[in-house]
Amino acid sequence: MKGIFATERGGSGGSGATPPAPAALAAKVRTLAPSMTRSMQRVAEAVAGDPAGCAALTVTGLAELTGTSEATVVRTARLLGYPGYRDLRLALAGLAAQQQSGRAPAITTDIAVDDPIADVVAKLAYDEQQTLADTAAGLDTVQLGAAVTALATARRTDVYGVGASGLVAQDLTQKLLRIGLIAHAHSDPHLAVTNAVQLRSGDVAIAITHSGSTGDVIEPLRVAFEHGATTIAVTGRPDSAVTQYADHVLTTSTARESELRPAAMSSRTSQLLVVDCLFVGVAQRTYESAAPALSASYEALAHRHRPRGGAQR
């Protein structure tokens, strides 16, 4: 469905994207595996788990190893962003070479109830780092650049998000406001839709939803899309419902959820990285107006950060 919409709107789509670099392969597997069929998951898990071994296999060999068909192997390669299995094998060989270069093994990020607090800090720090690395590796810079261009020239930007994603939506709008752009964050679904009705060509609407299936976020994006606004989805599921109404899709890392660490924690981390990339890109494009606006906002708040009455703190 997204392909139909992208054609009608002149969107860039994803079919012409550059194949992911070897370092991005594992991140791509983690992001897309939940939406794959079980047979495709077996192929994806095999190539991510043993890139060196799979790089040595023909398409027939990998199909036999995973108990699937050659067609499934090829479909999996294409879903991961490679034109064909040959390109995936080259990426696997590159990934295997990187892994054999002496990099330290990954530590587990599972947090137990009786873990010492020092272990909790180490595990959370590692998981945050991995989340950011996965997001950066899988982020489509062509789509990001197009989104930045739309934001930099927008008459107005509306951002939709609920829960933890709503906090990220607020963060983005505050950043845009500080460089002189008109931006609004909407977490109330009724207000989001009534505001989306007012959007037109030249406006931008952004939906932030890790699952990509949050109805309260999808509905206003759909309305904005149908009224001609440029639409952007920031999601951990590139094939989810929200993307059918998005001109540009920015994919975040799939959260690693555990009993003591809800998915919203790591999904928020990856969403904030995308937001920062958008903001810095827009600030670069609008530097002549953004720099003085940012300076003015700092100056306006400076007195609130100074000790009152000369007291030292």
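User: How many salt bridges does the count come to by this rule?

Analyst: The count comes to six salt bridges, the rule being a side-chain nitrogen of Lys or Arg within 4 Å of a carboxyl oxygen of Asp or Glu. The model is predicted, so local features need pLDDT of at least 70 and side-chain atom pairs count only at pLDDT 80 or more, whereas totals for chains, interfaces and linings use all residues. Residues are numbered from 1 along each chain as its sequence is written, and side-chain values use heavy atoms, with hydrogens and water left out.

User: Why is the contact of Arg38 and Glu45 called a salt bridge?

Analyst: Their side chains meet at 3.8 Å, N to O; the rule asks for within 4 Å, and therefore the pair qualifies.

User: What makes Arg38 partly exposed?

Analyst: Its relative accessible area is 47%. Buried means under 20% and exposed over 50%, with partly exposed in between (1.4 Å probe, protein chains only), so Arg38 is partly exposed. Glu45, at 43%, also counts as partly exposed.

User: Which salt bridge does Arg155 form, and what parts does the pair tie together?

Analyst: The side chains of Arg155 and Asp203 meet at 2.8 Å, N to O. Arg155 lies in the loop between helix H9 (141-152) and strand S1 (157-160), and Asp203 in the loop between helix H11 (189-196) and S3, so the pair ties together parts that are 48 residues apart in sequence. Helices (H or I, at least four residues) and strands (E, at least two) are DSSP runs, numbered from the N terminus.

User: How do you know whether Asp203 is buried or exposed?

Analyst: Asp203 has a relative accessible area of 0%, and is therefore buried.

User: What joins Asp171, Lys175 and Asp276?

Analyst: Salt bridges that share partners join these three residues into one network.

User: Why are S3 and S4 said to pair?

Analyst: Two strands pair if DSSP finds at least two bridges between them. S3 (residues 204-208) and S4 (residues 230-235) have five bridges, in the parallel sense, and therefore meet the criterion. Ile206 stands opposite Ile232 in S4.

User: What makes S4 mostly covered?

Analyst: Five of its six residues are buried.
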